[in-house]
Amino acid sequence: MKITPDWLLRSLHTHLRTRGFVRPLVVMLILCSSAGVAQIPDAKSAYLNPSSSIDERVADLLSRMTLEEKIAQLRCTMRRDEWDKSLLPAGLGGVGPIFRSFTAGEAAQKINEVQKMAVEQTRLRIPIIFHDEGLHGLIANKATSFPQAIGLAATWDPGIVGQVGTAIGRESRARGIRQLLSPVVNIARDARWGRVGETYGEDPLLQSRMGVAFCAAIEKEGVLTTPKHFVANYGDGGRDSYPVSLSERELREVYFPPFQACIQEAGAWSVMASYNALNDVPCSSNEWLLTDILRKEWGFKGFVVSDYGSVAGIREKHGVNGTMKETAAIAVAAGLDMELPDILYYGTPLVEAAKESLLTMDAIDTAVRNILRAKFALGLFEEPYADTSRADAINDNKAHRALAREAARKAMVLLKNTPALLPLKKNLSRVALIGPCADSVLLGDYSGFGMKVVTLREGLANALPKGASLLYEKGCDVGFTALPPIPAENLVPAAGTPGEKGLRGEYFDNMTFSGKPRLVRTDPGILFTWAMARRIRRFPGRSSPYGGPAVSFRPSQPLPPRREHG
């Protein structure tokens with residue numbers, strides 16, 4: 001029999017007239033929603049039965065979920081104030097790195113407390129996936145730090161990378177972290193890109209072998225890996241997350257292989273979509289990448305997460321959609337399953353998009369299945385909690401520190417030894433050590449903290465023969481500064497007025513410079529902020545192939561070199 005609101009009201013009226021006992025029907029009425037009648041689980045529910053297959057458990061659980069509970073699984077948060085209003089009663093898909101400052105045992109206890117809310121106080125008892133970064137060690141207080149990824153690549157030894165991955169996986173799981181947003185398997189072929197050190201280098205084969213070793217080891221420890229950033233996330237000049245234009249052949253021969261290997265060979269259960277646009281389509285709403293390639297070609301069964309804020313970037317940086325709910329709809333439909341790190345576009349906007357049929361229920365169900373499948377595969381429904389008694393002993397232990405030392409030795413590359421200074425002679429009397437980084441420790445991007453570190457100065461002092469002196473000078477400071485824009489005085493418009501300075505340019509309302517420019521003006525300098533396809537708008541009636549404003553810019557003057565006189 002089909003249960004409808006009208007049937008419930010008639011039945012309620014009958015109970016009021018005949019029995020005067022309405023509680024069961026009131027409870028049933030409360031649990032009704034636009035998605036149907038929610039079913040209260042019991043111990044015999046198929047999804048709570050570990051002997052059932054994962055697909056059976058997913059199907060049973062999905063059939064019991066309301067729209068709000070489904071969308072809740074597509075959400076993640078890093079804000080503790082979200083727990084009361086978002087975790088209960090609908091649940092949450094994931095929680096971000098909010099307990100890094102605590103030691104392993106403390107973090108495990110706090111993660112267990114949040115997990116307990118999910119499995120004991122939400123209606124369907126769906127556990128949460130807690131994630132963090134683990135590129136070369138977990139970003140956490142007193143976690144072991146291993147050599148940066150580019151250093152691990154320099155070992156040319158997938159075996160040692162696998163051992164490092166095993167240690168990182170064990171330390172992460174001990175804290176209750178069950179997903180790592182690592183490794184970075186982007187091909188690094190421009191030294192100006194500031195994230196080269198996070199990668200395994202420029203070669204697709206080396207990236208693939210190291211990525212497979214890393215992912216396989218961590219996945220074996222019951223922690224999901226997330227190869228990132230899919231795909232090709234830096235543009236001309238090494239600009240991080242800038243738009244890229246690549247042929248399909250180059251993608252398949254150079255940029256795809258590391259991701260494909262991590263998924264098909266190592267069994268990576270998650271993938272992170274990147275900020276940038278690929279051939280004018282934002283990667284975070286690119287159905288060809290996230291569905292056609294990942295799932296239909298490679299057979300990926302896990303879930304796709306956004307880079308932090310990349311769903312918002314579809315609209316706010318790339319200018320694809322006019323509203324938040326439209327943006328949420330195209331991201332889910334394209335195959336982006338979970339928004340990181342906070343509830344924004346996958347909050348109220350996604351609920352509104354679903355109710356207004358801006359995307360199909362099948363698209364939502366597909367995303368939910370992908371996340372639930374991973375949670376069942378992890379065994380979270382049977383073992384949702386971390387073992388707080390073992391967490392401190394596992395993190396930064398002697399065996400892991402010894403492994404870090406071995407990996408560091410293998411990672412070292414001696415470029416020159418003329419004259420033969422190394423190994424250090426036993427009769428040395430004095431050694432000069434000069435440099436701004438000699439008395440500090442730079443562990444690299446995505447590093448933990450709170451562990452014992454040894455500076456080059458300290459290590460060298462310990463290694464010198466007895467009686468030898470070490471002379472240390474800091475020398476210069478290490479600083480960072482942005483490159484200055486071309487000065488306006490170097491820019492002289494060809495058709496400008498006498499004394500006019502700046503860059504004269506033509507703005508078109510299309511992407512092919514066709515017809516007459518809609519705007520011609522002289523800008524005072526070259527300091528534009530058009531990253532991620534942010535363009536001048538307000539040209540009505542035209543759009544680009546991906547739905548955003550179609551505007552192109554062409555300078556209409558040469559850039560003369562500065563002439564020095566005197």
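Predicted model: local features only at pLDDT ≥ 70, side-chain atom pairs only at ≥ 80, totals over all residues.
Visitor: What makes Asp 280 count as partly exposed?

Guide: Its relative accessibility is 32%. Buried needs a value under 20% and exposed needs one over 50%, so a residue in between is called partly exposed.

Visitor: Where does Asp 280 sit, and what is its phi?

Guide: Asp 280 belongs to the loop between strand E9 (277-278) and strand E10 (281-282). Its phi is positive, about 80 degrees, although the residue is not a glycine.

Visitor: Ala 232 has a positive phi as well. Is Ala 232 buried or exposed, and how do you know?

Guide: Buried. The relative accessible area of Ala 232 is 6%, and the cut-off for buried is under 20%, so Ala 232 qualifies. Its phi is about 50 degrees, again without being a glycine, and its place is the loop between E7 and H10.

Visitor: What else turns up in the loop between strand E7 (224-225) and helix H10 (248-255)?

Guide: His 229 is in that loop, and a cis peptide bond joins Lys 228 to His 229, with omega about 0 degrees. Val 231 is in the loop between E7 and H10 too. Phe 230 and Val 231 are joined by a cis peptide bond whose omega is about 15 degrees.

Visitor: On to helices. How do you know whether H9 and H11 are roughly parallel or roughly antiparallel?

Guide: Look at the crossing angle. The axes of H9 (residues 204-220) and H11 (residues 257-264) cross at roughly 25 degrees, coming within 8 Å of each other. Angles under 35 degrees count as roughly parallel, so that is the name this pair gets. The crossing of H9 past H11 is right-handed.

Visitor: Which residues make the contact, and how do they divide by type?

Guide: H9 brings Pro 204, Gln 207, Ser 208, Arg 209, Gly 211, Val 212 and Cys 215, while H11 brings Pro 257, Pro 258, Ala 261 and Cys 262. That contact divides into seven nonpolar residues, three polar and one charged. Arg counts as charged, and Cys and Pro as nonpolar.

Visitor: Why is Asn 112 called buried?

Guide: Its relative accessible area comes to 13%. Buried means under 20%, so the label applies to Asn 112. This residue is part of helix H6 (residues 104-121). Leaving out residues up to four places away in sequence, Asn 112 touches Tyr 385, Ala 386 and Thr 388.

Visitor: What makes E8 and E11 a pair of strands?

Guide: Bridges. Four of them join E8 (residues 270-273) to E11 (residues 303-306), and the two strands run parallel. A pair needs at least two bridges, so four will do. Within the pair, Met 272 stands opposite Val 305 of E11.

Visitor: Which way do the residues of E8 point?

Guide: Ser 270 and Met 272 go one way, Val 271 and Ala 273 the other, and all are buried. In a regular strand, side chains alternate between the two faces of the sheet.

Visitor: And how does the whole chain look in numbers?

Guide: There are 19 helices and 16 strands. Of the 566 residues, 50% are buried. Taking contacts between residues at least 6 apart in sequence, 72% join residues at least 24 apart.

Terms used: Residues numbered from 1 in each chain as written. Heavy atoms only, no water. Axes fitted to C-alpha atoms, helices over the stretch in contact; angles between N-to-C directions. Parallel < 35°, antiparallel > 145°, perpendicular 65-115°, else oblique. Left-handed = near helix turned anticlockwise from the far one by under 90°. Contact = heavy atoms within 4.5 Å. Buried < 20%, exposed > 50% of the residue type's maximum accessible area, 1.4 Å probe, protein only.
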